[in-house]
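Open the model in your viewer and keep the selection panel at hand. The tour goes from one stop to the next.

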There are 2 protein chains.
Amino acid sequence: MRYSKRVEWCDTSDIGDILKALSNPEILSLAGGLPAPELFPIEEVKMATALVLDREGERALQYSSAYGDPRLREIVAKRMTEKYRTPAQADEVLITNGSQQALDMAGKVFLDEGSVVLCESPTYLGALGAFKTYGARFVGVETDKDGMVIEDLERKLKEVDDVRLVYVNPDFQNPTGIDWSVERRKAFAEVVGRYGVPAIEDNPYGELRFDGPCPPSIKSFDTSGVVISLGSFSKIFCPGMRVAWMIAEPEILSKFADMKQNDILCSSTLHQAQVVAYMEMFDLDLHVERICQVYSKRLSVMMESIGQFFPEGAVVNPPAGGLFAWVELPEGINAREVFKVAVEEHKVAFVPGGAFFAEPGQDNYMRLNFSGVGEDRIREGIRRLGQVLSQSL
Amino acid sequence: MRYSKRVEWCDTSDIGDILKALSNPEILSLAGGLPAPELFPIEEVKMATALVLDREGERALQYSSAYGDPRLREIVAKRMTEKYRTPAQADEVLITNGSQQALDMAGKVFLDEGSVVLCESPTYLGALGAFKTYGARFVGVETDKDGMVIEDLERKLKEVDDVRLVYVNPDFQNPTGIDWSVERRKAFAEVVGRYGVPAIEDNPYGELRFDGPCPPSIKSFDTSGVVISLGSFSKIFCPGMRVAWMIAEPEILSKFADMKQNDILCSSTLHQAQVVAYMEMFDLDLHVERICQVYSKRLSVMMESIGQFFPEGAVVNPPAGGLFAWVELPEGINAREVFKVAVEEHKVAFVPGGAFFAEPGQDNYMRLNFSGVGEDRIREGIRRLGQVLSQSL
């Protein structure tokens with residue numbers, strides 16, 4: 001039996017090994033990117049579901065448009081305008097099956113075999129995975145604590161052949177937690193606009209900001225219509241429903257809608273109606289505040305524990321929001337080897353940082369998640385990891 | 001802005017025009033493939049949802065595995081074994097986001113640019129759409145009232161270069177309604193097995209059989225592990241949840257799971273749990289019987305009305321199940337032109353058959369749906385179409 005070339009391109013044995021290790025329920029995992037399930041609004045979802053099935057049951061269980069529920073598109077446009085400071089109209093919104101589907105569709109719409117994607121390095125694993133299936137090559141752009149270094153971005157847009165897409169994750173980046181400065185956002189939009197290269201601003205964590213309002217998005221500075229903005233209900237509501245959105249110029253959006261039609265016909269009609277009903281009945285912003293309080297506390301516990309248990313030389317800057325802390329280990333420590341010992345001997349897991357780099361060899365980083373488990377478990381997990389690291393020195 | 005080659009390959013202006021015409025709510029549409037919404041088990045879904053959220057709310061709203069809910073995989077395997085006479089184990093089941101996602105993933109897993117897909121001609125529009133995005137070329141295999149002509153299938157497997165996939169829809173085919181004989185199913189499995197070419201048996205309508213039990217599937221005769229069997233809850237339960245499944249050898253399944261991970265991470269955890277709970281609490285087979293009774297009656301009304309209102313020379317063989325009747329129009333009548341007049345002047349719609357052929361030029365067919373609207377509307381729709389056809393002669 002013969003498989004396509006892309007089966008080879010997206011060989012996931014690396015991640016497969018990690019997932020396999022994690023399937024053991026005895027493992028205390030700081031590896032995933034899971035929201036805290038005890039914060040899911042379960043009773044509220046039950047009430048919203050009853051409302052939907054009573055008032056529009058036939059419609060909610062039927063097929064629907066690839067673009068998504070018109071009411072949800074309207075709500076998202078309003079929310080983008082107000083909370084994200086990104087003026088948007090309903091006809092610029094497409095509902096996606098999680099942001100991951102938007103990444104897959106972006107690969108479909110923009111990439112041919114050998115096309116280049118410029119990205120932060122490290123960058124979100126799932127974006128690498130999605131674009132790889134379309135034959136992408138990746139070129140990392142220099143990044144500092146304020147975001148992409150614009151001079152390097154411009155140099156690469158000028159010098160690298162066949163750049164088709166720029167992918168960035170400017171709010172509490174996965175995996176590093178970096179939060180782009182407003183100046184960088186603005187300059188980025190200007191540069192990609194000038195070069196006419198489509199850019200994806202992937203923003204699943206922006207509302208999980210522990211202090212102050214959301215900064216203006218990159219999309220808010222986009223005067224050329226090249227920026228595609230992704231957002232999601234996964235981290236601020238619940239991921240199990242797979243409801244997310246993208247904002248783009250209607251012409252670009254129509255290409256994505258065609259691809260979505262060929263991929264899954266439509267998103268769940270019921271889930272879209274459930275989100276609409278939830279937002280009619282309850283205050284999502286209040287719910288997000290509650291999540292932020294819990295996560296902020298968990299991050300503090302993680303940082304304290306790292307201070308107490310990790311050996312000197314492990315560097316971590318506390319992020320101002322999101323789900324992840326990024327640890328740079330002393331030179332010579334290989335996080336993949338640490339991972340093996342941690343899982344096998346100490347029953348604790350994290351994600352070795354190497355998995356987030358397009359180019360191999362950057363093995364002295366670890367990504368730690370502070371949203372998915374409670375404070376005691378965070379403390380215990382860091383204590384165990386501290387032991388492994390001290391032994392590795 | 002530069003798009004990928006596949007944006008051109010999957011130009012959908014044809015379908016776009018049809019969809020646009022249908023968005024007018026005044027149109028009496030026999031065009032779609034919609035199940036009857038008044039048969040959706042709305043109250044039962046409400047009860048199943050409450051059960052799920054009460055007993056496993058945190059789990060049901062969280063991310064889950066790309067393979068799907070283990071309980072649902074178990075249920076599907078059992079149902080395949082019993083109702084479809086297709087022995088299957090839970091580890092051979094992958095849950096998909098509608099069967100459309102399985103088609104998209106099959107394109108990803110098996111096709112490179114220029115790869116050939118052998119298919120019935122006409123065939124399901126959505127399969128053409130999905131495979132086109134991966135650069136497929138299509139070669140039709142001769143088909144008669146019993147299914148693919150095996151000699152022609154074998155000839156094409158031998159003579160055509162780079163055949164990577166065979167796609168068939170053997171139970172009440174969309175669009176023709178053809179139901180393959182048992183002999184053809186068996187011979188088909190033998191031939192594709194001998195050539196080692198993966199084959200997709202797409203079966204969304206098999207349970208909508210108005211008389212007698214389901215015949216053995218093609219997969220049930222597959223001794224080489226090359227047949228991939230697709231099934232769906234869309235037509236027997238409700239499409240708005242997008243829950244479907246595929247059955248394949250675990251090695252093939254793992255490639256699909258990798259692609260699904262890169263595409264949407266996972267299907268809706270909640271919807272999978274809802275289907276599980278529904279099947280614990282209620283009898284899906286009884287529900288399917290009720291659907292079949294209603295659809296069978298609607299088909300009778302459609303056939304009677306065609307006899308009464310269509311001009312002589314329009315040929316239609318009533319299918320033994322499914323959603324569609326396929327009408328061959330007298331030579332010289334172009335269904336695309338009929339469509340235009342029907343929609344604009346008589347406010348009635350169908351799908352012109354040409355859309356289902358990989359090669360252009362077969363324009364004297366129409367596909368009529370008898371599931372989505374009630375008996376009076378079917379009669380009225382056929383009456384109006386009869387007028388248009390009589391004028392076209």
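**An aromatic cluster, then the interface**

Select W326, F356, F357 and Y365 of chain A: W326(A), F356(A), F357(A) and Y365(A) make up one aromatic cluster. Keep in mind that this is a predicted model.

Now hide F356(A) and F357(A), two members of that cluster. Look at the rings of W326(A) and Y365(A). Their centres are 5.0 Å apart and their planes meet at 10°, so the pair counts as stacked. Colour the strands next. W326(A) sits in β12 (residues 324–328) of chain A, and Y365(A) in β15 (residues 365–369) of chain A. Are W326(A) and Y365(A) buried or exposed? Both are buried.

Across all chains, the structure has 30 aromatic pairs. For one of another kind, select Y278(A) and F282(A): this pair is tilted, at 5.4 Å centre to centre and 35° between the planes. F282(A), at 24%, counts as partly exposed.

Next, show chain B. How many residues of chain A are in contact with chain B? There are 74, and they meet 74 residues of chain B. About 6,200 Å² is buried between chain A and chain B, and carbon and sulfur atoms give 59% of that area. Select L61(A), Y63(A) and N262(A). These supply 12% of the area that chain A buries against chain B, more than any other three residues.

Now look for charges. Six salt bridges are found across the interface of chain A and chain B. Zoom in on K46(A) and D54(B), whose side chains form a salt bridge at 2.4 Å, N to O. For polar contacts, the count between chain A and chain B is 41 residue pairs, both residues at pLDDT 80 or more.

Finish with the helices on the side of chain A that touches chain B. The elements giving two or more residues to that side are α1 (5–9), α3 (42–60), α5 (98–110), α6 (125–132), α9 (250–264) and α10 (269–281) of chain A. Which element gives the most? Select α3(A): with 11 residues, α3(A) gives the most to this side. Last, colour the side of chain A that touches chain B by residue class. It has 32 nonpolar, 23 polar and 19 charged residues.

Conventions. Residues numbered from 1 in each chain as written. Chains lettered and ligands numbered in written order. Predicted model: local features only at pLDDT ≥ 70, side-chain atom pairs only at ≥ 80, totals over all residues. Heavy atoms only, no water. Contact = heavy atoms within 4.5 Å. Buried area = accessible area lost by both parts, 1.4 Å probe. Salt bridge = Lys/Arg side-chain N within 4 Å of Asp/Glu carboxyl O. Polar contact = N/O pair within 3.5 Å; in protein donor to acceptor, adjacent residues only side chain to side chain. Helix = DSSP H or I, 4+ residues; strand = E, 2+ residues; numbered from the N terminus. Nonpolar A, V, L, I, M, F, W, Y, C, P; charged D, E, K, R; others polar. Phe/Tyr/Trp six-rings, centres within 6.5 Å; stacked < 30°, edge-to-face > 60°. Buried < 20%, exposed > 50% of the residue type's maximum accessible area, 1.4 Å probe, protein only.
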